[in-house]
Amino acid sequence: MNFPEDLLYTESHEWVRDEGSQVVIGLTDYAQRQLKDIVYVELPEIGSEFKKGESMGVVESVKTVADVFSPVTGKVIETNGALKEHPEWINTDPYGKGWITRMEVRDKEELKGLLSSRDYQGSLSEE
Amino acid sequence: MRNIKDTGLIQEEPLIFELGRQGRRGYSLPRWDVKEAEPTDLIPSTLLREEWEGFPELSEVDVVRHFTRLSQWNYGVDSGFYPLGSCTMKYSPKVNEEVARWSGFAGVHPYQPEDLSQGILRLMYELEGFLAEITGMDHVSLQPAAGAHGELAGMMMIRAYLQARGERRKKVLVPDTAHGTNCSTSSIASYQMVEIKSNEKGVVGPEAVASEMDEEVAAIMVTNPNTLGLFEEHLKEIAEIVHRKGGFVYCDGANLNALMGIVKLGDLGVDVVHLNLHKTFSTPHGGGGPGAGPVAVKKGLAPYLPIPVVEKVGETYRLNEDRPQSIGKMKAFYGNFGVLLKAYAYILSMGSEGLRRVSEMAVLNANYLMKRLKGHYFLPYDRPCMHECVFTDRFQERFDVSTLDIAKRLIDYGFHPPTIYFPLVVKGAMMMEPTETESKQGLDRFIETMIEIAREAEENPELLRQAPQKVKVRRLDEVLAARKPKLKWTGEK
């Protein structure tokens, strides 16, 4: 499994790419493997605001349904609408075409609470 | 027939649209004694039905065979062991069906006047009394047509009660081991759902509720026994915590099959509970219904019950719609009467001792299954269960065999698989509910098969990955079916 060094991670298996005042969010390689084939993605509305840890969307696989939790507090400024047609991109390219939302971060300090690639992999071995 | 490929007696069956031949008929009419006319000459074209390309034309025997063959593909509780957990799928005694077909019941009409419907009304009145007695509640409405519908009725009553007192509460607490419908019910009733994590013993701890409970919370929705098949042993204490802050306790009674005659939910502080007659009370389950999800309440909520309410005045029964605080009608007329009737017949034929025995046997059977399979499959919550138990594929993971493979292999042995990958709090869950009617021999056959499958997983895992083999269709492409569903015949090949 692949966990790029330049991303941040949450214990609920989201990844976060820090792009200044904005972040891009998706599900990790581990999450997509656990969920197996994803068949449906429910995206948040653009402009909606979430607190850190709030459910911002839903991914549905043949096996199960899982929430996508907002890794930061902020506002959704863009979503990956193509996932409606191609939910499988979360499986095939979780860090690329499978991105889920782009958010404007309220407080950059919050990112310090996220996990590094190494810490995230450490947390996986405990599962 | 040309397009039927024989595979023994299990035949491929085309869609009915593919079976038709132009001009084939299932009827014959006598010779016309009026002059033949074209519909287009008599009826304005805007009112004429469009001709429909591909409408199947078949003879009577074509239709009968088609549907008979399809029915033979069914596997149900009448054909064999059906250990599907979380949704009690139990055998429905045929006497209930017999009673429901009596002409006095089958011929009844909803517009029949009250004085000609006294027997029907009495039956409903008495059934409400039985259900109130079994649950330890004060009043019952038989109207809701399904469990989730009963939940909604219950949450609407809670909301109406709070609104009448000028309280604007916003949240509903739902444990992570609840039924999925609880979350959607709270949301449809305009509440925000707050998830409560269950503790390491698989039940809701009072401290978890206390830390979320405040004056914003309208209710907690608890399923007892929960979806891990465990008894929520702190429910009474939880109810006190919720009541102290002015909230209500809603109990999802879908798992009542474990409790009848042993625990009265009302005694545990439950304010509202719905029952699934198509689970616990042995009315047929599945196929989309009809179901029945009566909702029972404590006195304080009675004014809000859906209308009409069956009342007994002297020796006569009547339907009362004059209840200004009611949440209104939940269903046309008065619920699915045929289903109510079967549940009534079931309760009477079992009697109070019989119902207690049902619950005892359901719990005993599940514990027997759990005890014998423990060691072969991983048991995440190793403690006595109620009417169902939950295993996982953890022991089989190292052979690269998953819950899905185990379930598919069971089909080769002629068993319906248990519920899989639910509850969501357990990874790779297999949830088994044998119910009370399974004999020890039947249980042993299933247990030995499960043990055999565990052995196969170790020695020949490919057998599981390739399962099922002895079926008409093997593994279906569930991914494609979910991503690109084809919901109706379009004529395209």
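Which residues in H13(B) meet which residues in H14(B)? In this predicted model, local features are described only at pLDDT of at least 70 and side-chain atom pairs count only at pLDDT 80 or more, whereas totals for chains, interfaces and linings use all residues. Residues are numbered from 1 along each chain as its sequence is written, and chains are lettered from A and ligands numbered from 1 in the order in which they are written.

Ile406(B), Arg409(B) and Leu410(B) of H13(B) meet Thr449(B), Ile453(B) and Glu456(B) of H14(B), contact being defined by C-beta atoms, placed from the backbone, that lie within 7 Å. By class, this contact of H13(B) with H14(B) has three nonpolar, one polar and two charged residues (Ala, Val, Leu, Ile, Met, Phe, Trp, Tyr, Cys and Pro count as nonpolar, Asp, Glu, Lys and Arg as charged, and the others, Gly among them, as polar). The axes of helix H13 (residues 403-412) and helix H14 (residues 440-459) of chain B come within 10 Å and cross at roughly 125° (axes are lines fitted to C-alpha atoms, for helices over the stretch in contact, with angles from 0 to 180 degrees between N-to-C directions; helices are DSSP runs of H or I with at least four residues, and strands runs of E with at least two, numbered from the N terminus).

In chain B, three strands form an open sheet with antiparallel pairing, in the order E12-E14-E13, where pairing requires at least two DSSP bridges between two strands. Strand E12 (389-392) and strand E13 (419-420) of chain B are the edge strands, each pairing on one side only. E12(B) pairs with strand E14 (residues 429-432) of chain B in the antiparallel sense over four bridges, and Thr392(B) stands opposite Ala429(B) in E14(B).

Methods
Two residues are in contact if their C-beta atoms, placed from the backbone, lie within 7 Å.
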